[in-house]
Amino acid sequence: MEEGCKVVLNVYDLSNGLAKQFSTAFLGKPIEAVWHTGIEVYGTEYYFSGGIQQSPAGTTPFGTPLRVVDLGMTHIPKDIFEDYLKDIAPRYTAETYSILRHNCNNFSNEVAQFLLGVSIPEYILNLPNEVMSSPMAPLILPMIQQLESTLKSGGVPQGPQFRPDAQVKSQGHNPSTNTNHNNTEKVQREEKQTKPPVSDPLGDARNKVQQEIMKEFTTIMASGTIRASEAAALATRRVMQKHGNLDVHT
């Protein structure tokens, strides 16, 4: 650890571009993305999603990071870091998760402070305040609460739970084990074929909202009495009010 170990913040957009595209109409202000972050160190990415999770670098369920922020070099040994994660694990569970107050970005910030004494970028930490201070906050709060319930119930694909004491033993290439190895692969393939695909509620919700907005937009434009930009804003507001279980006043 004399040379240290590089620490980076992997930054993802859970909206896949929809926040940037529709946030002004949704919220009355531009929002670049719906941020999710993870800390990559020691060749592993650590993040908070239904508990403290870990995945080999580049293999999380969130795909390719939108950006990678170099936080610095840590000189804390990996075993000390894992002891630290075990200590804070009771504070980072599915039950304690809150989109607005105790989320993946709060976890990344705490880990960055432990490893390096630095914070993650302020624009990421301030996103909940940006959203809830917008004029449309009362409309989207029910959707946020519903998404939070989904995340707490484990609806989003999960990486392997953080278990620092679990040892993964590598297998050699002993020819005598080839038969068992092939049988194991066959069983795994059969299980994969019979298991239903993992649901991605974030992706499902994004697609549903986008489809509803486009349908509403087409209907409004058919009247020929409103500009496209106004029609987009009106369509977005109607769909948001629908999902917020509020009356539509147009």
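Predicted model: local features only at pLDDT ≥ 70, side-chain atom pairs only at ≥ 80, totals over all residues.
**Entry 1**

The cut-offs explain the label, because partly exposed covers the range between under 20% for buried and over 50% for exposed.

I then asked which residue forms a salt bridge with R91. The partner is E110, and the closest N and O atoms are 2.4 Å apart. I noted that this pair links distant parts of the chain, 19 residues apart. E110 belongs to helix α3, residues 104-116, whereas R91 sits in the loop between α2 and α3.

**Entry 1. The other salt bridges**

I searched the whole structure for salt bridges and recorded 3. One of them joins R67 to E32, with 2.5 Å between the closest N and O atoms. I checked where the two residues lie: R67 is in strand β5, residues 67-74, and E32 is in the loop between α1 (18-27) and β2 (35-41), so the pair ties together parts that are 35 residues apart in sequence. I also looked up their accessibility. R67 is partly exposed, with a relative accessible area of 27%, and E32 counts as partly exposed at 39%.

Another salt bridge is formed by K86 and D83, whose closest N and O atoms are 3.5 Å apart. How far apart are K86 and D83 in helix α2? I found them 3 residues apart within residues 78-88, which means that about one helical turn separates them. K86 is partly exposed, with a relative accessible area of 38%. D83 is likewise listed as partly exposed, at 38% relative accessibility.

**Entry 2. The chain as a whole**

I turned to the secondary structure and counted 9 helices and 5 strands. Along the sequence, I read the pattern β-α-β-β-β-β-α-α-α-α-α-α-α-α.

I next looked up burial: the protein has 250 residues, and 38% of them count as buried. The protein exposes about 14600 Å², of which carbon and sulfur atoms supply 52%. For contacts with a separation of 6 or more, I noted that 71% come from residues 24 or more positions apart.

**Entry 3. The sheet**

I asked in what order the strands of the open sheet stand. The order of the 5 strands is β4-β3-β2-β1-β5, and the pairing is antiparallel. β4 (52-56) and β5 stand at the edges with a single partner strand each, so one side of each has no neighbour in the sheet. I recorded an average twist of 25 degrees from one strand to the next.

For my own reference, I wrote down that strands of a sheet pair through backbone hydrogen bonds, either parallel or antiparallel.

Which strands does α3 lie across? I listed β1, β2, β3, β4 and β5, and noted that α3 runs at about 30 degrees to β2.

Notes. Residues numbered from 1 in each chain as written. Heavy atoms only, no water. Salt bridge = Lys/Arg side-chain N within 4 Å of Asp/Glu carboxyl O. Helix = DSSP H or I, 4+ residues; strand = E, 2+ residues; numbered from the N terminus. Buried < 20%, exposed > 50% of the residue type's maximum accessible area, 1.4 Å probe, protein only. Contact = heavy atoms within 4.5 Å. Areas by Shrake-Rupley, 256 points an atom, 1.4 Å probe, with all protein chains shown as cover. Pairing = 2+ DSSP bridges. Axes fitted to C-alpha atoms, helices over the stretch in contact; angles between N-to-C directions.
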